[in-house]
Amino acid sequence: MAAPPNDVFKLGFVGAGNLAESITRGVIKSAVLPATSIRTTHRRAERRSLFASFGCRILETNAQVVEDSDVVIISVKPQIVKQVLTELKPFFTKDKLIVSIAAGIKMKDIKECAGKSRIIRVMPNTPSAVGQAASVFCMGETATKKDEERVAKLFGAVGKVWTAEEKYFDAITGLSGSGPAYIYLAIEALADGGVAAGLTRDLALGLASQTVLGAAAMVNQTGKHPGQLKDAVTSPAGTTIAGIRELEKGAFRASLINAVVAATDRCRELS
Ligand code: NAD
């Protein structure tokens, strides 16, 4: 059994949606916090019941969630973040840490509505639902070492965590924020290739997704450069180099590079 957490604080979610659910599940599973330390609210009964079934406290209003929390994760959709923060401004006292995960909402915009509270901005991604998120955070000016440790632990419960300056957040959105979709496309296409070559759809899809997972684990766990790993599996005049030749003809690498840059540019336009 996991050891009891040694820094128990009150965590509130404003916006009990998908991301809030993933983080809550991860935080409870990895015993970063007991469920009773987590509180939220939602206008829909089924969302309230879900969070209650985890053991979380369900309150009536966002204001109560903020009042009763040390760390408040702002997890509503980006379009309504400013409106929600403005409504909650009177409750953002200096003892609170606001953690915004809203894509494209800048620290300076959060600061305008954050009263005296400290701020940390985080960019997670959807594999948080299976404990494999890539999250990056940046610290507001008044955020403390303890705030940093708490956010690292919270997001560490749903995957890997990095820190970066805010100026990199558009590029992070273009790479890890949008990246899962690029890889879904790649998995689907690999499976289509398997089907075209005569495999059943089920087998092809299983092999494609496990191959992507395995290749990512090789890069992560061996610490080897992906080019080195690629060289190690391409024998002279063999099958793999024949496949790679086709990928290069189709500008596979340039397409991925351009996808990240295009998504970054789009994020800049929107924020
Ligand atoms: P979601 O739509 O699942 O969750 C938002 C929730 O907020 C919904 O349940 C909605 O009913 C609720 N809500 C709406 N208005 C509210 C209000 N006034 N007060 C309280 N709750 C309200 O969205 P999500 O995918 O969980 O995304 C949440 C945030 O996380 C977004 O800002 C998004 O940019 C950010 N984010 C999401 C991902 C992702 O992978 N989904 C990745 C990075 C960042």
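A polar contact here is a pair of N or O atoms within 3.5 Å; within protein, one must be able to donate a hydrogen and the other to accept it, and residues adjacent in sequence count only if both atoms are side-chain atoms. The model is predicted, so local features need pLDDT of at least 70 and side-chain atom pairs pLDDT 80 or more, while totals for chains, interfaces and linings use all residues. Residues are numbered from 1 along each chain as its sequence is written, and side-chain values use heavy atoms, without hydrogens and water.

Select the ligand, then Leu19: one of its backbone N or O atoms lies 2.8 Å from a ligand oxygen. At Val76, a backbone N or O atom is 2.6 Å from an oxygen of the ligand. Ala103 has a polar backbone atom 2.9 Å from a ligand oxygen.

Colour helices by DSSP (H or I runs of at least four residues, numbered from the N terminus).

Finally, which pocket does the space taken by the ligand form? It is the second largest pocket: an open set of points on a 1 Å grid over the protein atoms alone, where a 1.4 Å probe fits, with protein on both sides within 12 Å along at least five of seven lines; lining residues have an atom within 4 Å of a point. A molecule sits there if more than half of its atoms lie within 2 Å of the grid points. Select α4 again: it gives the most to this pocket's lining, four residues.

Key: Helices (H or I, at least four residues) and strands (E, at least two) are DSSP runs, numbered from the N terminus.
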